[in-house]
Amino acid sequence: MTLYQGQALRLEMLGDGFAELVLDLDGSSVNKLDRATLADLCAALGVLEHTALRGVLVRSAKPAFVVGADVSEFPALFEAGEGALHAWLEQALDSLGRLESLPYPSVAAINGFALGGGLELALATDYRVLAEEARVGLPEVTLGICPGFGGTVRLSRLVGVADALDWLLEGKPRKAGAALTAGVADRVVAPEALRQEALALLGEVAEGGDWQARRARKRRPVAVPDGIAARGDTLDPRYPA
């Protein structure tokens with residue numbers, strides 16, 4: 001049963017109290033976290049927040065999960081002024097925060113690329129299952145753009161400040177195995193088994209997994225290693241460590 005159908009995604013009711021949020025941007029060969037997708041995500045979350053469920057799976061119907069934000073939209077946003085840019089960022093942050101705060105667990109099934117905003121979307125879920133060929137990262141830093149959809153906050157709490165800095169400063173997409181080692185991924189599976197394994201994990205955690213404790217971990221103050229904090233005296237004094 002279809003609970004919501006938009007231009008960029010659809011929400012399907014599965015059996016046993018689970019739902020599936022399927023990213024599938026109309027007229028595009030890839031999924032992007034553009035304004036249309038954010039609007040659909042906001043609408044779908046309204047349905048999810050008012051539907052009694054045991055868990056939700058987030059996946060892509062395309063060869064890649066989400067390749068990032070749509071940079072072609074940036075010039076118009078910048079020209080529209082500070083108010084429009086602020087509203088866009090608020091919508092993105094609010095939507096990912098609502099996904100993260102659903103009253104039941106969430107699992108992202110990541111195929112192909114999950115880059116920039118795509119990885120930030122996945123980080124808002126409680127668990128991430130990657131196909132073996134998947135690549136994840138925050139390459140926008142190579143364009144001089146700081147991840148703005150919560151990636152810096154969630155990644156540093158998930159893997160620690162030191163590892164998060166490596167990911168954020170290099171901007172290099174990481175292989176699935178590296179993501180598993182770092183703690184960004186929870187499982188790595190064969191591509192053909194991705195959806196099945198992600199649903200199996202969702203079922204496991206819904207039956208008594210530690211999803212609430214994992215979610216709480218992402219909301220605690222970040223622990224800054226002494227070696228990193230000690231470098232504060234060499235930084236610009238306007239921005240103390």
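Reader: Hi! Which helices each supply at least two residues of the lining of the largest pocket?
Author: Hi! In this predicted model, those helices are α2 (74-80), α3 and α4 (117-123).

Reader: How do the lining residues split by class?
Author: There are 15 nonpolar, four polar and two charged residues in the lining of the largest pocket.

Reader: Okay, what about the second largest pocket, which residues line it?
Author: That pocket, with a volume of about 200 Å³, is lined by V141, C146, T152, S156, V161, A164, L165, L168 and L169. Two or more of the lining residues come from each of α5 (151-159) and α6 (161-170), and α6 gives the most, with five.

Reader: And how many charged ones are there?
Author: No charged residues there; the lining has seven nonpolar and two polar ones.

Reader: Switching topic: at what angle do α1 and α3 cross?
Author: At roughly 40 degrees, and the axes of α1 (residues 35-48) and α3 (residues 82-100) come within 10 Å. The two helices are therefore oblique to each other.

Reader: Is that crossing left-handed or right-handed?
Author: The crossing of α1 and α3 is left-handed. Residues making the contact include L38, L41 and L45 of α1 and W88, A92 and L99 of α3. By class, the contact has nine nonpolar, three polar and two charged residues.

Terms used: Residues numbered from 1 in each chain as written. Predicted model: local features only at pLDDT ≥ 70, side-chain atom pairs only at ≥ 80, totals over all residues. Heavy atoms only, no water. Axes fitted to C-alpha atoms, helices over the stretch in contact; angles between N-to-C directions. Helix = DSSP H or I, 4+ residues; strand = E, 2+ residues; numbered from the N terminus. Parallel < 35°, antiparallel > 145°, perpendicular 65-115°, else oblique. Left-handed = near helix turned anticlockwise from the far one by under 90°. Contact = heavy atoms within 4.5 Å. Nonpolar A, V, L, I, M, F, W, Y, C, P; charged D, E, K, R; others polar. 1 Å grid on protein atoms, 1.4 Å probe; cavity = no way out; pocket = protein on both sides within 12 Å on 5 of 7 lines; lining within 4 Å. Points joined across faces, edges and corners; volume = space filled by probe spheres on them.
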